[in-house]
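Dear colleague,

Please find the structure we discussed below. I would be grateful if you could read the notes that follow it alongside the coordinates.

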Amino acid sequence: MKEFLEGLLTLNRSFRFTDLLDILIVAFIIYGLLSFIYRTRAQQLVKGLLFVIVVYIIAGQIGLNTLNWLIKETFRFGIFALVVIFQPELRRVLESIGRNRLGLSNLAKVDNSRARAIIREIAVTVESFSDTRTGALIVFEREIMLEDIIETGTFLDAEISGEMLGNIFYAGAPLHDGAAVIRGDRVLAAGCVLPLSENKNLSKSLGTRHRAGIGISEKSDALVVIVSEETGIISVAEGGRLMRYYDKESIEKLLFDQYIDEGDEDRSYNPLNYFKKLNFFKELKSRGDKDAEE
């Protein structure tokens with residue numbers, strides 16, 4: 001016990017602020033890796049790697065030399081295979097690291113009064129889509145540019161209005177099956193093709209429109225509003241999660257909380273707003289993160 005206490009005192013005397021910073025950075029990296037593993041296919045990979053490592057150790061202990069050599073050689077070249085297999089996930093991680101999270105979204109760069117008018121117009125239009133069972137898929141571009149998605153559709157660069165969105169998603173229109181991408185105060189493109197989610201845990205009742213909305217939210221920071229053609233249910237996809245049963249008021253509140261800084265007319269960034277948004281999304285998840293049959 002005495003030696004233990006003496007060791008603690010010695011550590012305390014030699015402990016520096018940089019040591020604390022070092023520990024915090026490493027802890028943050030480990031937490032990020034564990035979160036990444038939990039959210040992606042890497043979770044199954046880690047389980048498999050742990051099993052192989054256990055077999056490797058046991059093979060070395062009991063003298064299974066051929067098996068031990070085979071596993072060792074597999075590990076030597078396995079890193080290259082992992083880069084190929086998990087290229088989409090690694091790309092998403094690097095995009096997340098490179099993203100300027102302290103910046104404003106594209107719609108937030110619009111003048112406050114103009115942004116409010118746009119949000120109300122969108123909310124009213126989405127509600128009318130729900131009432132008439134008009135399928136819609138609206139992607140709000142944030143900090144990650146969606147140029148590759150825009151190129152798959154028809155370039156419009158049109159002013160946002162209920163009439164414009166109605167013409168895009170009208171059942172007989174040539175662009176109604178694709179997604180509309182909104183950048184700032186413009187409908188930049190329509191009829192866009194989105195990547196489908198590869199999440200195996202999604203409800204089987206979800207159709208292509210919902211899987212596409214979730215898919216683009218997994219691969220970017222976009223906010224996606226989805227209206228079901230079969231049921232009229234309004235959903236929102238964000239960060240790979242689907243939140244359902246919205247109405248005009250909740251869509252309006254979501255967009256206001258995301259893009260409008262009340263009382264901040266000069267558009268300067270307030271870091272507290274970012275954490276408020278996180279809490280807001282947590283409330284939405286607990287309220288609406290459930291899969292209901294369409």
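This is a predicted model: local features need pLDDT of at least 70, side-chain atom pairs count only at pLDDT 80 or more; totals for chains, interfaces and linings use all residues.

Residues are numbered from 1 along each chain as its sequence is written, and side-chain values use heavy atoms, leaving out hydrogens and water.

With a salt bridge defined as a side-chain nitrogen of Lys or Arg within 4 Å of a carboxyl oxygen of Asp or Glu, the count is nine. In one of them, R114 pairs with D185, with 3.8 Å between the closest N and O atoms. R114 belongs to helix α6 (residues 112–131) and D185 to the loop between β3 (179–183) and β4 (186–192), so the bridge ties together parts 71 residues apart in sequence. Helices (H or I, at least four residues) and strands (E, at least two) are DSSP runs, numbered from the N terminus. R114, D185 and E159 are linked in a salt-bridge network.

E238 and R142 form another salt bridge, at 3.5 Å from N to O. This pair joins strand β6 to the loop between β1 (136–140) and α7 (147–150), 96 residues apart. R142 is buried at 8% relative accessibility (buried: under 20% relative accessible area; exposed: over 50%; partly exposed: in between; 1.4 Å probe, protein chains only).

Finally, S228 lies in the loop between β5 (223–227) and β6 (234–238). S228 is buried, at 0% relative accessibility, and its side chain reaches the backbone nitrogen of E230 at 3.3 Å.

Kind regards

Note on methods. A polar contact is a pair of N or O atoms within 3.5 Å; within protein, one must be able to donate a hydrogen and the other to accept it, and residues adjacent in sequence count only if both atoms are side-chain atoms.
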